[in-house]
Amino acid sequence: MTVKIFDTPEVQDFLKTVAGFDQEGGNERAKQIMHRLLSDLFKLIDDFDVTPEEYWSAVSMLNALGGQTQFGLLSPGLGFDHYLDMRQDAIDAEAKRVGGTPRTIEGPLYVAGARASPSTTCVAPSSPTRKAATPRAASSRPATACRKAPPPTWC
């Protein structure tokens, strides 16, 4: 399909309205950011001929993440956190600030290429229901058994 409506006056007027430029007050920077975000998304829909099914599938995914309070996982999953770190690193480099702990979503103790240590899982063996804990009963509890954990599986 070759229908492109992004540059029409109707769409451009609609974007200004949705971003709030036709309203008094509010944060001007927030309006500009919203206008740019929506403009880029509308243009993407035109350029890639996004279908209603594709759009509603994305909305469904966002609803599922939000309903499980997992929406924040989308940010690092799509690389936004890392991109913000890259921008801040560039700002620091331009200001000649060097050293310090590197920004990374892996955390300050992450070492790229480090050998993974074997992990173990510790489990208490099943036992009959215990009576009320006494100093003697506490010392007679079965020992915790540790075994090597299976490697993680990835989707």
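Predicted model: local features only at pLDDT ≥ 70, side-chain atom pairs only at ≥ 80, totals over all residues.
Guide: S39 has a relative accessible area of 9%, so it counts as buried.

Visitor: Why does S39 count as buried?

Guide: Buried means under 20% relative accessible area. The value for S39 is 9%, and therefore the residue is placed among the buried ones.

Visitor: In which helix does S39 lie?

Guide: S39 belongs to helix α2, which covers residues 28-48.

Visitor: Which backbone oxygen does the side chain of S39 reach?

Guide: That of H35, at a distance of 2.7 Å. The general idea for positions such as these is that an α-helix has 3.6 residues a turn, so residues three or four places apart point the same way.

Visitor: With which residues is S39 in contact, leaving aside its neighbours within four places in sequence?

Guide: S39 touches F6 and L15 once those sequence neighbours are set aside.

Visitor: How many salt bridges does the structure hold?

Guide: There are four salt bridges in the structure. Let us read several of them, taking the partners and then their accessibility.

Visitor: Which residue forms a salt bridge with R36?

Guide: The partner of R36 is D40, and the closest N and O atoms of this pair are 2.9 Å apart. Both residues lie in helix α2, where four residues, about one turn of the helix, separate them.

Visitor: Are D40 and R36 exposed or partly exposed?

Guide: D40 has a relative accessibility of 41% and so counts as partly exposed. R36 has a relative accessible area of 54%, and therefore R36 is exposed.

Visitor: Which residue forms a salt bridge with K4?

Guide: K4 pairs with D47, with 3.9 Å between the closest N and O atoms. This pair links distant parts of the chain: D47 is in helix α2, K4 is in the segment before α1 (9-19), and the two are 43 residues apart. As for accessibility, D47 is partly exposed at 41%, and K4 is partly exposed at 47%.

Visitor: How may the span of a helix be checked?

Guide: The expected span is 1.5 Å times one less than the number of residues. Helix α5 (residues 80-94) has 15 residues and should therefore span 21 Å; its end C-alpha atoms are 21 Å apart, which agrees.

Visitor: Which residue with a positive phi follows α5?

Guide: K96 follows α5, and its phi is near 60°. The general idea is that most residues other than glycine have a negative phi. K96 has a positive value although it is a residue other than glycine. K96 lies in the loop between α5 and β1 (120-123), and its relative accessible area of 71% is why it counts as exposed.

Visitor: What is the phi of D49?

Guide: The phi of D49 is positive, about 50°, although D49 is not a glycine. D49 is found in the loop between α2 and α3 (52-67). At 30% relative accessibility, D49 is partly exposed.

Visitor: How many helices and strands does the chain have?

Guide: The chain has six helices and two strands. Read along the sequence, these follow the pattern α-α-α-α-α-β-α-β.

Visitor: What part of the chain do buried residues make up?

Guide: Of the 155 residues in the chain, 10% are buried. The accessible surface of the chain is about 13400 Å², and carbon and sulfur atoms account for 61% of that surface.

Visitor: Among contacts between residues at least 6 apart in sequence, what percentage join residues at least 24 apart?

Guide: For this chain the percentage is 36%.

Note on methods:
Residues numbered from 1 in each chain as written. Heavy atoms only, no water. Buried < 20%, exposed > 50% of the residue type's maximum accessible area, 1.4 Å probe, protein only. Polar contact = N/O pair within 3.5 Å; in protein donor to acceptor, adjacent residues only side chain to side chain. Contact = heavy atoms within 4.5 Å. Salt bridge = Lys/Arg side-chain N within 4 Å of Asp/Glu carboxyl O. Areas by Shrake-Rupley, 256 points an atom, 1.4 Å probe, with all protein chains shown as cover.
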